[in-house]
Amino acid sequence: MNYELRITNMKAMVNRHLSLVFFSFFLILSSGVLNAQVKSSIDSTKIKIGQQITYKIEVESKPNSLVVFPEGQTFSPLEMLESYAIDTIKKNDTYNLIKKYGLTQFDSGKYTIPRQKIIVGDKTFFTDSLKVEVNNVVVDTTKQGLYDIKPIIEVDKKGSDWWKYLLLTLLIVGVIGFLMYWLIWRKKPLTEAEQIALLPPYDRAKLALRKLDESHYLETESIKEYYSELTFIIRKYLDEKVYDKALESTTDELITRLNILKESNQIELSKEDIRNLESILKRADLVKFAKSAVDVELAKIDRKTIDIEIDHVKEALPEPTEEEKLLDEKYREELERKKKRKKVIVTVVIGVFLLMATFVGFGLKYGFNYVKDTIIGHDSVELLEGEWVTSEYGFPPVTISTPKVLTRVELPLPDEMKAQVTQTAFMYGTLLDMFSVMVTTTSYKNLGENKIDLEKVSEQSLKGIEAQGAQDIVVLRDKFITPNGAEGLKTYGTLKVKNPITQKVQEGNYVLLQFTSENVLQQIILSYPLDDEYADQMIARILNSVELKKAEE
């Protein structure tokens, strides 16, 4: 059968997932199922178009048995409207499980509900097929009012809700942006402490003296605390304007330093000013460390003296040079840059945290691999979540759902076979793409008594795939039954494909479905990447969608 060597010129395709789960599992514990009984029935064999019938499956089994009922559209050509909950009736040492389905059909005709697969423990049972007749609804046209045909009107296509998600995203981003601006970037009103910190040293010292006057130290005779505040004010001022170690120096070290600065003409401070400062500082030391008693009035005089000496120190200081002013300006600019840099760092940290929290949240809900592949991009994810197409290909038609529409291609036939063979092929992708779908229908005119041997055809197809560059093909075979009861051969396994350009070897899976009816051979060839969960889901969805129709239908 050289015609099969042509089948593997397929152009197939890469991508998509989410398997339609074919059976729902109902746990009734687990154990053996000897003597289990399965029966099926319908409440009516004749219905009108759109009328619902009830399809009932009864399973009698022992306790602790796992029972699996069919789910999904396995009743085609009838359509399942509803799957009811399982009723359980206990009879002595057995359970009677009753599962009901609501079915209907919207076209008149005679239909056969295909056998349904029931799994009880490790045994598989099939129900009997049932026939249903769907009749037209009789309308008495003599009593039916007649009206003119209405003109054709345009129907607005229902749009997607993408704009809702966009608005929600913009709202969330806007709220986060506003909060970050309000809490981080907004120029906030200065606190009292910040306002005081911005004052020049002289103004800060004068303000500190006024606040000391407002304190209640002298009223409560807290002399020690009073002198601590008073001496800190003068030391802080001297530290900023005269000697940068005034706060940490002892009284003797500070006075010595002031005398040196005076003698070196670095500060025009009189000896009397220095003596006044020395006297007050030493008195404060006695109060703080020797617990010496000082009259409140003397403390007030020392406060006035410190006020005067602050003025004298300011007058004694030389005017700042342009270089010093420039250094101050640069210092303020550096402080501003540090604040801005801090805001940027905080903003980046918060942004990264929000992104990570979002990723983790969606990862926990949908799976981390799925979120990663959605963000970065994954061919299989794009195909799986795209708009799938269900269509019929060839004649007799093969109905199949695929991520993309299959394109008709012409497969070359030898001249001597053209008169005897008619072949159609539809495909998406290529074998090198590692994800591909191909549907072929081959009709033979004069086979005589010869019948199509599916296993031999399968061997020829595999040789054709091997001729196209496939290597190390692992072959497994099994019977395949479509949802509407058509039986065929399933050949599947793994293979390796070598790219003739890059010389790179890719590993993948393949599935070959073959069906025969009289002089017709129908084939579905799938290839998909190895260890790709999205591709696995796509293949499962495709296999669950396959349906065959006879030529006379």
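This is a predicted model: local features need pLDDT of at least 70, side-chain atom pairs count only at pLDDT 80 or more; totals for chains, interfaces and linings use all residues.
With a relative accessible area of 40%, E533 is partly exposed. It belongs to a patch of negative charge on the surface, where E533 gathers with E507, D531 and D536.

Opposite charges also meet in this structure. Side chains of opposite charge can pair when their charged atoms come close. Across the whole structure, 15 salt bridges are found. One of them joins D307 to K206, with 2.1 Å between the closest N and O atoms. This pair links distant parts of the chain, as D307 sits in helix α7 (residues 296-316) and K206 in helix α3, 101 residues apart. Both D307 and K206 are buried. The two residues also take part in a network of salt bridges that includes D213, R303 and D311.

Helix α3 itself runs over residues 201-214 and reaches 20 Å from its first C-alpha to its last, close to the 20 Å expected for its 14 residues at 1.5 Å a residue. Besides K206, the buried residues of α3 include Y202, R204, A205 and L207.

Two further salt bridges complete the picture. Within helix α6 (residues 271-289), E278 and K282 lie 4 residues apart, about one turn of the helix, and their side chains meet at 3.0 Å, N to O. E278 is partly exposed at 22% relative accessibility, and K282 is partly exposed at 36%. Elsewhere, K496 pairs with D472, the closest N and O atoms being 3.7 Å apart.

How values were computed: Residues are numbered from 1 along each chain as its sequence is written. Side-chain values use heavy atoms; hydrogens and water are left out. Patches are made of residues with over 30% relative accessible area and no salt bridge: like charges are joined within 9 Å, nonpolar side chains (Val, Leu, Ile, Met, Phe, Trp, Tyr) within 5 Å. Accessible areas come from the Shrake-Rupley method with a 1.4 Å probe; for residues, only the protein chains shown count as cover. A salt bridge is a side-chain nitrogen of Lys or Arg within 4 Å of a carboxyl oxygen of Asp or Glu. Lys and Arg count as positive and Asp and Glu as negative; His and the chain ends are not counted. The place of a charge is taken as NZ of Lys, CZ of Arg, CG of Asp or CD of Glu. Buried means under 20% relative accessible area, exposed over 50%, partly exposed in between (1.4 Å probe, protein chains only). Helices (H or I, at least four residues) and strands (E, at least two) are DSSP runs, numbered from the N terminus. The expected span of a helix is 1.5 Å times one less than its number of residues.
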